[in-house]
Amino acid sequence: MTDQLFMQRALELAQLGVGSVAPNPMVGCVIVYEGKIIGEGYHELFGGPHAEVNAVNSVKDVELLSESTVYVTLEPCSHFGKTPPCADLLVEKKVKKVIICNDDPNPQVAGRGIRKLRDAGIAVEVGLLADKGLEINKRFFTFQRLHRPYVVLKWAQTRDGFVARENFDSKWISNAQSRQLVHKWRSEESSIMVGTNTAIYDNPSLTVRDWQGKNPVRVVIDRELKLRDDSNLFDGEVQTLVLTLKERESTEKVKYITLKNLEPESILEVLYNQKLLSVLIEGGSALLQSFIKVNLWDEARVFTSETKFERGIAAPVLNDEPFEEQKIGSDQLTCYQNK
């Protein structure tokens, strides 16, 4: 049970890196000597030191490392990237044992870190609380194994099933609490996407404003390049990708990517090539439904308000069973997972 408690602590540390480390995974590390934590750390920022480095650096008496057990949520890296290999660091410090939550599916690691440790005579165990590790890093594992971003669908609908009025006006269906929660979600994802009509009629900024965190890369589907140059998406505040069938020269902050088609598979391939681990698709209804139709989604989060429109643009249709429901003020939030 003690091993589980230390790994649980490492998993809690890992989650402190949410929104800051992508396209790297979130990783936490705890170092234990004679049943007591003597060091801990997590991967805090993409390009910065990894969890193992921060944990080792926090140990006051480095002589204890050779008799310590290291609990780490992901297999230590074995290759030179923006930082040196963490497996080499643990070998250098001659730690006694390493307990790993999940092995790393990244082809640059994929067992090599574990092999380095074992070849150096370090005892290694893999798989402790593996399901929890997979849940925390579901974006990373989806990206590595399926070669696409983790897809989160989100929309707000009225009690009678509409996402906008007939003139595309959708402000405001959900309440202020729900909208703040959406800003929190934005800070947790690598990118955020809308279709042409949503961009034209809502003129959204798609930034994190009612929460503290990093802005996601903005993605807009603009098949015929209908968006005005003074649209909020082109304000230069955040990197914006425009996926289109037309040709247009990119600028410093707006990158135009011309595709032969704008099917969900093609869209996700572009985002994968841009190293975007996840995408929050916020609308409109046709774009959301296109991903549902081809079963290319991982989560859906649907707000239902007490408002009624009686007529308008119909909400997307999901036939899956919800796995979670909760009240957000007067709104009902229903969450789905694609099994």
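**Chat about the sheet and its helices**

Me: What does Thr-69 touch, leaving out residues up to four places away in sequence?
Reply: Thr-69 touches Val-30, Ile-31, Val-32, Lys-97 and Ile-99. Keep in mind that this is a predicted model.

Me: OK, and is Thr-69 buried or exposed?
Reply: Thr-69 counts as buried, because its relative accessibility is 16% and the cut-off for buried is under 20%.

Me: Which strand is Thr-69 in?
Reply: Thr-69 sits in β3, which covers residues 69–74.

Me: How is the whole sheet put together, then?
Reply: It's an open sheet of five strands with mixed pairing, in the order β2-β1-β3-β4-β5. On average, neighbouring strands are turned by 15° against each other, direction ignored.

Me: How do β3 and β4 run, parallel or antiparallel?
Reply: Parallel, with five bridges joining β3 to β4 (residues 97–102). Val-70 is opposite Val-98 in β4.

Me: And what about β1 and β2?
Reply: Those two, residues 28–33 and 36–42, pair in the antiparallel sense over six bridges. Val-30 has Glu-40 in β2 as its bridge partner. Their hairpin has two residues between the strands, and Glu-34 there takes a positive phi near 50°.

Me: Switching to helices: which strands does α1 lie across?
Reply: Helix α1 (residues 2–14) lies across β1, β2, β3 and β4, at about 145° to β1. Helix α2 (residues 51–58) also packs on the sheet, touching β1, β2 and β3.

Terms used
Residues are numbered from 1 along each chain as its sequence is written. This is a predicted model: local features need pLDDT of at least 70, side-chain atom pairs count only at pLDDT 80 or more; totals for chains, interfaces and linings use all residues. Side-chain values use heavy atoms; hydrogens and water are left out. Two strands pair if DSSP finds at least two bridges between them. Helices (H or I, at least four residues) and strands (E, at least two) are DSSP runs, numbered from the N terminus. Buried means under 20% relative accessible area, exposed over 50%, partly exposed in between (1.4 Å probe, protein chains only). Contact means heavy atoms within 4.5 Å. Axes are lines fitted to C-alpha atoms, for helices over the stretch in contact, and angles run from 0 to 180 degrees between N-to-C directions.
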